[in-house]
Amino acid sequence: MKIAIMGAMPEEIAPILQKIGSYKTIDYAGNRYYEATYKNSELVIAYSKIGKVFSTLTATTMIEHFGAEILLFSGVAGAISPELKVSDLIVATKLAQHDLDITAFGHPYGYVPEGSVFVAADKELLELSKRVASSMKKSIKEGVIATGDQFVANEERKNWIGSIFGADALEMEGASVAVVCNALNVPFFILRSISDAADMDASFSFDEFLLTSANESAEFVMKMVDELVNKNI
Ligand code: ADE
């Protein structure tokens with residue numbers, strides 16, 4: 001079983017590379033990939049760069065070129081739900097693209113013909129994350145994540161995304177990774193730790209909490225990896 005671990009920014013995968021310790025680097029398609037053997041399982045790790053296009057390229061490459069059979073995403077997000085505070089963890093049950101808009105043709109936001117507004121995450125990985133959370137005595141929220149090529153720092157936009165998609169958090173890569181994994185039949189798991197509230201202070205909060213929130217998420221994802229490799233699947 002080859003597991004892909006993906007982030008969008010260097011800070012999101014640095015704690016993972018640090019935990020793994022030794023790896024080889026492969027430059028491919030304009031990006032750097034890290035391959036490692038970890039507890040007898042194969043890992044491929046990369047950060048994509050920010051946004052839906054780069055994350056689509058990286059997820060596709062990890063699966064089609066490197067042969068990943070499961071994909072775990074670790075990173076940070078802006079909170080929509082008032083329940084979510086900085087450093088809280090949210091795992092996506094389903095994801096949508098909030099900036100996909102052909103409503104002029106009568107379609108709902110986030111929809112294009114032959115697509116769907118939401119892509120659901122893998123149920124078994126969600127179940128596993130609940131067991132991992134309880135073993136770590138951590139509470140994680142399950143919810144809807146909305147993705148778009150925008151850093152949202154605006155209360156009005158954030159509330160709109162919350163009301164149209166029922167979203168609890170927003171970020172810039174999850175839904176595109178979900179589309180790729182769904183199309184290629186690869187189970188996926190998108191985890192985020194909150195770095196900001198997507199409001200007028202978002203960019204300051206993001207800068208302040210990126211490292212600590214990225215670490216929170218990475219630590220949890222590595223616990224998921226430990227469980228997956230122990231099961232030897
Ligand atoms: N990732 C973390 N915070 C974000 C925000 N406010 N908008 C988009 N992506 C984010």
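Residues are numbered from 1 along each chain as its sequence is written, and side-chain values use heavy atoms, with hydrogens and water left out. Because the model is predicted, local features require pLDDT of at least 70 and side-chain atom pairs count only at pLDDT 80 or more, whereas totals for chains, interfaces and linings use all residues.

The ligand sits in the largest pocket. A pocket is defined on a 1 Å grid over the protein atoms alone, as an open set of points with protein on both sides within 12 Å along at least five of seven lines; a molecule sits in it if more than half of its atoms lie within 2 Å of its grid points. The elements that give two or more residues to the shell around the ligand are β5 (70-79), β9 (169-171) and β10 (188-196), and β5 contributes the largest share, 3 residues. Strands are DSSP runs of E with at least two residues, helices are runs of H or I with at least four, and both are numbered from the N terminus.

In total, 13 residues surround the ligand, and the closest are G78, Q150, V152, L170 and D196; a residue is assigned to this shell if one of its heavy atoms lies within 4 Å of the ligand. By class, the shell has 8 nonpolar, 3 polar and 2 charged residues. In this scheme Ala, Val, Leu, Ile, Met, Phe, Trp, Tyr, Cys and Pro count as nonpolar, Asp, Glu, Lys and Arg as charged, and the others, Gly among them, as polar.

Polar contacts are pairs of N or O atoms within 3.5 Å; within protein, one atom must be able to donate a hydrogen and the other to accept it, and residues adjacent in sequence count only if both atoms are side-chain atoms. An N or O atom in the side chain of D196 lies 2.6 Å from a nitrogen atom of the ligand. For V152, a polar backbone atom is 2.8 Å from a ligand nitrogen, and for G78 a backbone N or O atom is 3.2 Å from a nitrogen atom of the ligand. The protein covers 96% of the 260 Å² of accessible area that the ligand has on its own, as computed by the Shrake-Rupley method with a 1.4 Å probe.

Burial was assigned from relative accessible area, with buried meaning under 20%, exposed over 50% and partly exposed in between (1.4 Å probe, protein chains only). N31, in strand β3 (residues 31-38), is buried at 11%, and its side chain forms a polar contact of 3.1 Å with that of T58. E173 occupies the loop between β9 and α5 (174-183) and is buried at 3%; its side chain reaches the backbone nitrogen of G51 at 3.0 Å. I70, in strand β5, is likewise buried, at 5%. The C-alpha atoms of I70 and S41 are separated by 12 Å, the two residues being 29 apart along the chain.

Backbone geometry was also examined. Most residues other than glycine have a negative phi. S87, which is not a glycine, has a positive phi of about 80 degrees; S87 lies in the loop between β5 and β6 (89-97) and is partly exposed at 29%. K137, also not a glycine, has a positive phi of about 55 degrees. The loop between α3 (123-136) and β8 (140-147) holds K137, which is exposed at 76%.

Conventions
1 Å grid on protein atoms, 1.4 Å probe; cavity = no way out; pocket = protein on both sides within 12 Å on 5 of 7 lines; lining within 4 Å.
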